[in-house]
There are 2 protein chains.
Amino acid sequence: MADSGKSWVEIDPLSEFSLANLPFGIVSTKDRPEPRVGVAIGDYALDLSTICSGPHKDEELSRLCWGHSPCIIVAPTLNGLAALGGDRVREVRAALRKFLSGTTRPFSINPSGPLPAHIFIPLSEAQMHLPMVIGDYTDFYAGMHHAFAVGCMFRGPNNALQPNYKHLPVGYHGRSSSIVVSGTPIHRPRGQILDPSSADPKQPATGPSKKLDFELELGCFISRPNDMGRAIPVNDAKDYIFGYVLLNDWSARDIQSWEYVPLGPFNGKNFATTISPWVVHPDALEPIRTTGIKNDTPLQPYLAETVKENVYDIQLEVDIKTSGSDMSMTIARTSSKHLLWSFPQMIAHHTIGGCSLRTGDLFGSGTISGPSPEESGSLLEMSENGKKPLALGSSRRTFLEDGDTLVLRAVAGTAGARVGFGECSGLVLPPLS
Amino acid sequence: MADSGKSWVEIDPLSEFSLANLPFGIVSTKDRPEPRVGVAIGDYALDLSTICSGPHKDEELSRLCWGHSPCIIVAPTLNGLAALGGDRVREVRAALRKFLSGTTRPFSINPSGPLPAHIFIPLSEAQMHLPMVIGDYTDFYAGMHHAFAVGCMFRGPNNALQPNYKHLPVGYHGRSSSIVVSGTPIHRPRGQILDPSSADPKQPATGPSKKLDFELELGCFISRPNDMGRAIPVNDAKDYIFGYVLLNDWSARDIQSWEYVPLGPFNGKNFATTISPWVVHPDALEPIRTTGIKNDTPLQPYLAETVKENVYDIQLEVDIKTSGSDMSMTIARTSSKHLLWSFPQMIAHHTIGGCSLRTGDLFGSGTISGPSPEESGSLLEMSENGKKPLALGSSRRTFLEDGDTLVLRAVAGTAGARVGFGECSGLVLPPLS
Ligand SMILES: [Ca+2]
Ligand SMILES: [Ca+2]
Ligand SMILES: [Mg+2]
Ligand SMILES: [Mg+2]
Ligand code: NI
């Protein structure tokens, strides 16, 4: 990648936390439990507070980050940093790259021996927290191969996509209270289920979901607010993006299918959403911009982007680890380029009526599936809604079982300049009584 | 009402802010711009900060409210007060009633002459603010007469209600960022519209909504959080309620009808929601508890309440003031009892899958319409989706026009013990460029 280079921090060329990445997260340690801003580099979380003030202070980073009230560095969220705005965050990343670049350590850090652990926290010892305070969470449905596959399952190929699908980025308001950071276990939800869904009379029962699924998505955090009533033009929308995360929109298919007509998904989705701990800056993904799914429908002017390469070609992977086994099995591989709508288009659409966005708002892309079955971003697609179990070593899966750990991974870029988000994982626990 | 009585504050017997009410709000004044907790009494907002400390201090209120960090009284929201929990808030209301009761003023307040304006802020000089920081907003659909009328319009009487309607409180996640307090003007939204909705081919255009509507709803604020994964039993749910507001869920019917299949309302709703400034405590509504719409469907156990009188008989009124006129015209009168589901049932349903609620979360009841056409809680119903204009003096309305002010009012209880929320009003402005 263009902005890669050599660092005095030893970094495995295959590390997703190269000098080209520098994602932000919120970290704490056993020794120092206050959550604070960290930057992932190699096998470490660089504790920004230790180089913005004190004996190891970097003048430039201190000037950019210190002295805000409330503090934006020793803070339980990245919202303060994000609210600085695009140019200032860019300056912080540039100063970080400068601080970490070159072959010799800055003189304030021991010239040899292990890196001081209070500055460079080994990732294995870093407790990661939810990176942002999320005001509102919106989940879109821009993964057209997913929308088409699911539509075929329920309505057949001729009516698979609804008439509005190619005219606007379809989305719904999700639940922000239940968004958790990678590693947080999830309880299987209980709820009303009509089983079979064709039952007549339509008499539901209440019980644990038997169709617990994941959804592979890319998430996008908003930096700047807009005024209520004021639409964000699509070609300005990139200035409102703070960064990206991996997102698993856990879904209970049986609860969802009974509840969702006419007002959309509710308890089938709101029990949990997991995101990766590290927020990747858009500049880190700039080298892998590409074109998304071609939209053959004439676009309304407010959705027409000047830029053609409006999505990212991030390699995505879904792994399952079952309770009996220590082995992870990869069940899908695809790319984040399989979207019909870009995040700038989602922002333009979300605000066309005047809806206000706030710093820390989260957008989900919608489930990302590639065109082939091995590229499916959900078990609903892989198992054809439970009809075709997947072989997982000696066991089989239609939907998730208690004890399963679902892991999303992503990587972009070439050796020495790789970019990732950290894994987005969650263990499925049985429902609470 | 049971807890009414005589106050040394002169209160019009018709005032909605009787001693039986004592609703909380967030208030500021020109002289003192910091937002702080107020309590409505007669024509005043009692500034709680002036009687919780300083020369006019009431010992009991001071003990209950003062000394929290951050301060819960000189605070821009009621979240701190709400988070004290049901019993403590009850004690605060009891102490307020004691302070305001009787025929002579407490000795710390001038025995005669006008009430000191820094303690008793005339409501005409009180700037009201959004009362809570709202994490998540959920809008339900429990007004069955509304759901049935709208269903008839689009699917005919035999399929008017969806099969799930009487089994669960249908709801969707709304947008919290655009919730504003009464008096905030609203810009007419722009958006994609398919006009006519039967057009073939289905080619939308982008423009200002021509079907801007209101929805008459009751709102409910959550006090205590629950742990993620842990359902709230329906018979415990009342302990999670902080209080009630009037709510206008502004709706753009033409934007909504094009976008909402399959994931529910989005831009048709998210441009604005208006709530009343005063949050009424459940205890103030206790005397007007009644039975709601009878549900002939056997309920799932998690929705079965012990209490039969699970809704409130609050008289509701919708007024329009058009730009040309100074006169308000009442276009609907109904009661908040016309709900199929109670707020405790909505809480139980929202959490059955483990979804976490937080202090300050807001629930909307869904549009409240009575069984007769004069009791319609939306213009969609009154005008039969634009087919039958309403006469408003010399002008006519199918949907709202720029310059219209829409006002929701409510009152409960008898003379001398009336309970209201303050009005919930909004002026419609043209779209921003
Ligand atoms: Ca999703
Ligand atoms: Ca509504
Ligand atoms: Mg989710
Ligand atoms: Mg609304
Ligand atoms: Ni005084």
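Which residues coordinate the magnesium ion (ligand 4)? In this predicted model, where local features need pLDDT of at least 70, side-chain atom pairs count only at pLDDT 80 or more and totals for chains, interfaces and linings use all residues, the magnesium ion is coordinated by B:D249 (OD) and B:T273 (OG1), at 2.1 to 2.3 Å. Donors here are N, O and S atoms within 2.8 Å of the metal (3.2 Å for Na, K and Ca), and since water is not among the atoms, sites may look incomplete.

B:D249 sits in the loop between β14 (241-248) and β15 (251-252) of chain B, while B:T273 belongs to strand β16 (residues 273-275) of that chain, so the pair ties together parts that are 24 residues apart in sequence. Helices (H or I, at least four residues) and strands (E, at least two) are DSSP runs, numbered from the N terminus. B:D249 is buried, with a relative accessible area of 1%, and B:T273 is buried with a value of 1%; buried means under 20% relative accessible area, exposed over 50%, and partly exposed in between (1.4 Å probe, protein chains only).

The nickel ion (ligand 5) has B:H56 (NE2) and B:H118 (NE2) as its protein donors, lying 2.1 to 2.6 Å from it. Because B:H56 lies in the loop between α1 (48-52) and α2 (59-65) of chain B and B:H118 in the loop between α4 (86-100) and β4 (120-122) of chain B, the pair ties together parts that are 62 residues apart in sequence. B:H56 counts as buried at 15% relative accessibility, whereas B:H118, at 47%, counts as partly exposed.

Residues are numbered from 1 along each chain as its sequence is written, chains are lettered from A and ligands numbered from 1 in the order in which they are written, and side-chain values use heavy atoms, with hydrogens and water left out.
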